[in-house]
Amino acid sequence: MAKSNKPVVWSLFAAGGTLAALLAPVLALLFLLAALGRAPELLGYARLHAFAANPLGKLFLLTVIALFLWHAAHRLRVALHDFGLRRDRLVAVVVYLAAGTGTALSLLYLARI
Amino acid sequence: MSRRPFVRLVSGTRWYFGHPRYLRYMSREVTCIFIGAFALLLLRAVERLSAGQAAYASFLAAIAGPWSALGLSLVVIFALHNAVSWFNVTPKALPVQIGEGFLPGGFIVAAHYAAWILVSLAVLLFAGVL
Amino acid sequence: MNERMVQLEVLRYDPQVDDEPHFQHYEVPCKEEWVVLDALNAIKESIDPTLNYRWSCHMAVCGSCGMMINGEPRLSCHAFLRGFAGVIRVEPLAHFPIERDLVTVADDFIDKLKRVKPYLIPGEPRPIGAGEYLQTPAQLMKYRHFSMCINCMLCYAACPQYALQPLFLGPAAITLAHRYNLDSRDGGREQRQQVIATDEGVWECSFVGACSEVCPKAVDPAAALQQVKVASTLDWFREHLLPGSAT
C-alpha cells in the first residue's frame, strides 16, 4: 500500500478549520446583525467595496472563502462516510470539485472589484 | 475442536446512536454544513459586491428577515461549536515539549481562546459594531 | 467486609452449539471491594465452570481482560463493582469476532501490530564495543507516555472507524509506531511510514477521540494519530515539493 495523498486535502482542512474556529463565529455574527436589520458599517457597500478593492482585503476574503470551503468539503466527505454513504471516491470528487470551483469563482469576483 | 468465530455486525448508517460520545462526534462533524453554507454566502456577497452598488443593496435586502436571522443564528451556534471543539484538542495535535516536561495542555488551549477573543474583538471594532 | 448479591448478564457463545450469542443471567455473592473480574471468577468457581474469559494479572498490566461492561470497553480487573448499580451487562470486546463467551479473536490486531514494526530499528549498524545507546531524560519523555500501551485493544473496541473499515490499522498499532518513530535511538521511521502513512493507516482516522477516552493507561492514542497526520503531511510536502527528495 502506497503512502496516501490525503495530506494535500487534510492540510487545507486543518488550515480552514483553524481559520474557521478563529473567524467564523464573529463573521457570521456580522451577517446575523445584517439579517436583523442592523447591518454593521463594514457590510455597507462603500466600506466593503473599499475593503475588497485593497489587495490585502482581497487576500483576506479569498483566504477566508477558499479555506472555509476546503475545510467544509473535506469534513463533509468524512461525515457522509460516517452517515453510511460508502461511495467515497465519488463523494471526494464532488466535494473537492465544489470547493475548487468556489475558490476559482471567488478569485474571479475579487479580480473584478 | 472446531472454530466458528461469531462476527457482530455494526450498522453502517446508525452506529453513532450506540454511544453518547459518538453523537458528540457527529455533532462536531455536521458543523461543516454550516461553515460551508456560510462560505457560499460570503462568495455570493463578493459576487454581488462585484456587480455594483444596486446589486449589493438588493443582496443586503434579501438577507434581512426572520428566516435569514434564524439560519445565521444556526451558523453562529455551529461555528462556535466548531471553534470550541477545535481549540480544545489543539494540545493533542501540537504538543509543546519544554525540557523534560510538556507545556500543560490547558496553556495551549487558553492561548488559542485568548487569540480567538482578541481576533473577534478586532473584527467587531473594525466592522464598527463596537 | 460487606458482601452483597450482584446481578450480571453475561454474553455466552458456544461455537459448537449456538448459532448466535445470548445473555445468561447470574447472581453472585460479591465482596464490596471486588471488581467485575472477581465476580466472573466467583461464577466460574462456584456457579458455572463453563464460562470462558481471558485474564492474567488482575492489576491492569497484562491487558488480557478487556471486555464491554455496560457498553463501555473496560479492563474487567479495573472495573469496581461499587461503581455499578443494578444488573451489570458483560460482553466480549466490541468490533472483534467472538471465539467463545467473552473470549475474542485478536488475530487482526496482532497482525497489524506486527506490520508497524513496534521495536527499535537502529539507523546504522553499531558494534557492541561502541557501548549502549544513550538517551537523555528529555529524549525519553518525548515518547514515554506512548510506550505505556498494554495492547489491551480497548481502543479498537471504542473506535467506530475500525468497526466501519476493518482494514484500518487502528489506534494502538499506529500509536506504537509513533512511539518508536519518536525514539532518539531509532532509525526505522521511513519503514513504518510506508505502513502507517497510508489510506488504511492513519488517514482512516477521523479523530473521534474515543480511543483516548477509554484507554486504561492514559496513552492518548488520539493525540499520537493527530501527530502522525501532521508529521506525514510535512513529509508529503517535503517529498513532492522539494527537488531531489522524492522517495
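# A tour of the salt bridges and the A–B interface

Begin by selecting A:Arg77 and A:Asp88, whose side chains form a salt bridge with 2.7 Å from N to O, a salt bridge being a side-chain nitrogen of Lys or Arg within 4 Å of a carboxyl oxygen of Asp or Glu. Because A:Arg77 belongs to helix H3 of chain A and A:Asp88 to helix H4 of chain A, the pair ties together parts that are 11 residues apart in sequence; helices (H or I, at least four residues) and strands (E, at least two) are DSSP runs, numbered from the N terminus. A:Arg77 counts as buried at 10% relative accessibility, while A:Asp88 is partly exposed with a relative accessible area of 26%, where buried means under 20% relative accessible area, exposed over 50% and partly exposed in between (1.4 Å probe, protein chains only).

The model is predicted, with local features needing pLDDT of at least 70 and side-chain atom pairs counting only at pLDDT 80 or more, whereas totals for chains, interfaces and linings use all residues. Residues are numbered from 1 along each chain as its sequence is written, chains are lettered from A and ligands numbered from 1 in the order in which they are written, and side-chain values use heavy atoms, with hydrogens and water left out.

Next, show chains A and B together. Here 54 residues of chain A are in contact with 55 residues of chain B, contact meaning heavy atoms within 4.5 Å. The area buried between the two chains is about 4600 Å², with carbon and sulfur atoms giving 78% of that area; buried area is the accessible area (1.4 Å probe) that two parts lose on being put together, summed over both. Select A:Phe31, A:Tyr45 and A:Arg75, which supply 16% of the area that chain A buries against chain B, more than any other three residues.

From the chain B side, select B:Ser120 in helix H6 (residues 105–127). B:Ser120 counts as buried at 14% relative accessibility and touches A:Leu22 and A:Val26, not counting residues up to four places away in sequence.

Now move to B:Arg3 and C:Glu99, whose side chains meet in a salt bridge at 2.8 Å, N to O. C:Glu99 lies in strand E6 (residues 98–100) of chain C and B:Arg3 in the segment before helix H1 (20–29) of chain B, so the pair joins two chains. C:Glu99 is buried, with a relative accessible area of 19%, whereas B:Arg3 counts as exposed at 51% relative accessibility.

Within chain C, select C:Asp108 and C:Lys112, which form a salt bridge whose closest N and O atoms are 2.8 Å apart. The two residues are 4 residues apart in helix H2 (residues 107–115) of chain C and so are separated by about one helical turn. C:Asp108 is partly exposed at 29% relative accessibility, and C:Lys112 is buried with a relative accessible area of 2%.

Finish with B:Arg21, B:Arg24, C:Glu72 and C:Glu213, which salt bridges that share partners join into one network.
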